[in-house]
Amino acid sequence: MNNAPLSGLYQPSLALLTDLYQLTMAYGYWKQGLHEREAVFHLYFRKAPFNGGYAVAAGLALAVDYLETLHFSEDDISYLASLTGSKGGRLFPDDFLDYLRDLKFTCDVDAVAEGTVVFGNEPLVRVQGPLLQAQLVETALLTLVNFQTLIATKAARVRDAAGPDDAVLEFGLRRAQGPDGGLGASRAAYLGGADATSNVLAGQRFGIPVRGTHAHSWVMTFEHELDAFRAYADAFPDDSVFLVDTYDTLDGVRHAIAVALEMRKTGHELGGIRLDSGDLAYLSKEARKLLDAAGLPAVRIVASNDLEENLITSLKQQGARIDTWGVGTQLVTAYNQAALGGVYKLAALRTADGQGWDFTIKLSEQQAKTSIPGILQVRRYLGEASQPRADMIYNVAAASPLPPAPVLIDPSDSTRRRPVHPGAPYRDLLAPVLRQGRLVQPLPTLAESRAFARQEVAGLDPSIRRYLNPHVYPVGLEQALYEFRTQLMLEKRPVRPA
Ligand SMILES: Nc1ncnc2c1ncn2[C@@H]1O[C@H](COP(=O)(O)OP(=O)(O)OP(=O)(O)O)[C@@H](O)[C@H]1O
Ligand SMILES: O=P(O)(O)OC[C@H]1O[C@H](OP(=O)(O)OP(=O)(O)O)[C@H](O)[C@@H]1O
Ligand SMILES: O=C(O)c1cccnc1
């Protein structure tokens with residue numbers, strides 16, 4: 001259940017969740033007899049989101065679900081048969097549609113585990129297999145991994161601001177980018193560090209704990225605030241959190257205290273109060289004093305109102321006595337970065353004789369945007385207490401093996417080089433996920449990935465985790481790969497006389 005698909009939200013088949021050009025290229029490859037040619041693609045982003053120093057990889061389980069179930073239904077085939085070109089003729093002929101009808105995903109997929117801390121240029125997913133299939137899945141993989149990684153990263157930042165002991169509740173569904181944006185965001189927010197969601201469908205689909213308080217309308221429905229709190233306590237004697245700011249916040253706290261003391265007489269305890277407006281630092285401190293003075297030190301103080309990581313940090317610095325953070329809009333809409341710019345690039349094609357590889361490159365005006373050729377792996381070198389020190393991208397299909405003490409070269413500034421100590425401990429981040437389209441072993445549950453994400457972020461140096469001008473974590477190309485890429489760039493770039 002935990003990794004259940006997003007796919008059921010609208011329809012059972014997601015084969016058409018793609019850009020048209022994936023299908024026109026698929027037809028073209030098939031027509032040219034290139035469709036079975038073995039290809040390798042990598043999915044990666046270039047820059048961590050939110051001007052931050054890291055990202056939390058997410059979306060793999062959804063991607064795997066999509067790949068494992070990928071098929072064209074009869075409805076999909078009929079729709080494709082109905083598409084016409086500019087002269088009115090069919091876009092896709094029947095013999096190609098017959099091919100699609102029988103298509104199954106048979107590629108190998110290697111990927112970084114969900115929850116892993118990742119950096120720019122590092123492949124998160126590697127797809128190796130028949131060119132037509134590996135190309136076809138580009139758009140769906142990107143839409144799944146980009147959004148999940150973006151929101152998981154935002155959640156990790158919010159969690160980091162809240163600290164290890166406070167609770168973080170995701171309240172975003174009403175402001176999310178539509179229903180599946182909200183559903184996907186709840187999943188990713190939990191993976192990245194939220195403790196629970198108010199989104200009940202996400203609870204059902206993904207096994208995320210669901211939590212909540214009540215709205216202002218509940219208080220407004222009753223003649224007096226006290227009656228509203230009493231009525232809520234009557235319905236949920238052991239699960240009540242009262243929203244206290246409908247009229248006057250500190251009066252609301254006093255009313256909550258009065259009802260909490262009545263509840264205590266019948267053997268029940270008030271869970272908490274929620275502040276949703278005003279100066280949250282001042283009001284939480286005053287509320288804490290009133291609650292403590294009334295003998296209610298265990299009543300929690302929940303805050304909400306356009307919260308995000310910087311505001312939470314500021315409130316903590318102001319000494320706010322908030323212990324539960326309800327975070328909605330800014331988390332699920334990834335404020336202030338609309339999208340993660342992940343890309344999916346072809347990096348290798350089997351040679352015509354089927355024996356070796358042609359490594360491929362996409363040039364760009366900006367060297368940093370030029371793709372990396374090869375069949376890539378990421379090696380993370382570890383320092384004391386297994387703290388990540390530097391990452392090296394290397395080609396597992398290179399002509400010569402890795403040297404015992406590799407040198408990492410910054411892809412955007414080749415004068416920045418970093419030798420690795422021989423024998424330095426490391427782990428390789430990409431692990432086999434699918435072989436011939438089949439899962440090699442069960443994926444971690446969502447809760448396991450969430451625990452892993454928290455461990456990963458906590459293991460990063462604070463200088464990389466900070467929000468303002470974070471330290472740049474070193475990611476380099478292994479020297480031979482760097483040199484090979486430079487040579488390919490020189491070969492492919494046209495020489496124009498000055
Ligand atoms: N002590 C504080 N320091 C910094 N920002 C705060 C503090 N207290 C609250 N905020 C934030 O300031 C913003 C404005 O809150 P405020 O309650 O003044 O206006 P509001 O949202 O319009 O209130 P209302 O919901 O009553 O209309 C919110 O994002 C809130 O979280
Ligand atoms: O602010 P967010 O981080 O999105 O958190 C969720 C918000 O949703 C609710 O407000 P509601 O929809 O009632 O409107 P409001 O903003 O006027 O309180 C709740 O009271 C929070 O304020
Ligand atoms: O349960 C809550 O308090 C809640 C849920 C959604 C949005 N705002 C608040």
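The legends below accompany close-up views of a predicted model.

View 1. The protein is divided into domain 1, made of residues 20-70, 105-152 and 337-492, and domain 2, which spans residues 212-303. In this predicted model, the C-alpha centres of domain 1 and domain 2 are 49 Å apart.

**View 2. The largest nonpolar core.** This core has 138 residues, and those with the most contacts inside it are Ala-63, Leu-141, Ile-151, Ala-256 and Ile-273. Helix 6, residues 138-162, gives the most to this core, with 14 residues. Because domain 1 and domain 2 both give residues to this core, the core lies between them. For Ala-63, once its neighbours within four places in sequence are left aside, the contacts are with Val-125, Leu-141, Leu-144 and Val-145.

View 3. Around ligand 1 stand Ser-277, Gly-278, Asp-279, Leu-280 and Ala-281, together with Asn-305, Asp-306, Leu-307, Leu-311, Ser-314, Leu-315 and Gln-318. Helix 12 (280-293) and helix 13 (309-317) are the elements that give two or more residues to this shell, and the largest share, 3 residues, comes from helix 13. By class, the shell around ligand 1 has 5 nonpolar, 5 polar and 2 charged residues.

**View 4. Asn-305, a residue of the shell around ligand 1.** Asn-305, which is one of the residues around ligand 1, lies in the loop between strand 10 (300-303) and helix 13. Its phi is near 135°, a positive value in a residue other than glycine. Asn-305 counts as partly exposed because it has 16 C-beta neighbours inside 10 Å, a count that falls between the limit of 12 or fewer for an exposed residue and that of 20 or more for a buried residue.

**View 5. The surroundings of ligand 2.** Ligand 2 is surrounded by 14 residues, of which the closest are Phe-171, Asp-276, Ser-304, Gly-328 and Thr-329. The elements that give two or more residues to this shell are strand 11 (324-327) and helix 14 (329-332). In terms of class, the shell around ligand 2 divides into 4 nonpolar, 6 polar and 4 charged residues.

**View 6. The surroundings of ligand 3.** The residues around ligand 3 are Phe-171, Ser-198, Gly-212, Thr-213, Arg-274, Ser-304, Gly-326 and Gly-328. By class, this shell has 1 nonpolar, 6 polar and 1 charged residues.

**View 7. The cis peptide bond between Tyr-335 and Asn-336.** The peptide bond from Tyr-335 to Asn-336 is cis, with omega near 10°. Asn-336 is placed in the loop that runs between helix 14 and strand 12 (343-350), and helix 14 is also one of the elements that give two or more residues to the shell around ligand 2.

**View 8. Asn-469 and its positive phi.** Although Asn-469 is not a glycine, its phi is positive, at about 45°. Asn-469 has its place in the loop between helix 16 (462-465) and strand 21 (475-478). Asn-469 is exposed because 9 other C-beta atoms lie within 10 Å, and 12 or fewer is the limit for that class.

**View 9. Met-220 in helix 9.** Met-220 is found in helix 9, which covers residues 216-221. Met-220 is exposed, since 11 other C-beta atoms are within 10 Å. Met-220 and Gly-192 are 28 residues apart along the chain, and their C-alpha atoms are separated by 35 Å.

Technical notes
Residues numbered from 1 in each chain as written. Chains lettered and ligands numbered in written order. Predicted model: local features only at pLDDT ≥ 70, side-chain atom pairs only at ≥ 80, totals over all residues. Near = placed C-beta within 6 Å. Helix = DSSP H or I, 4+ residues; strand = E, 2+ residues; numbered from the N terminus. Nonpolar A, V, L, I, M, F, W, Y, C, P; charged D, E, K, R; others polar. Core = buried A, V, L, I, M, F, W, Y, C linked by C-beta atoms within 7 Å. Domains from an automatic or database assignment. Contact = placed C-beta atoms within 7 Å.
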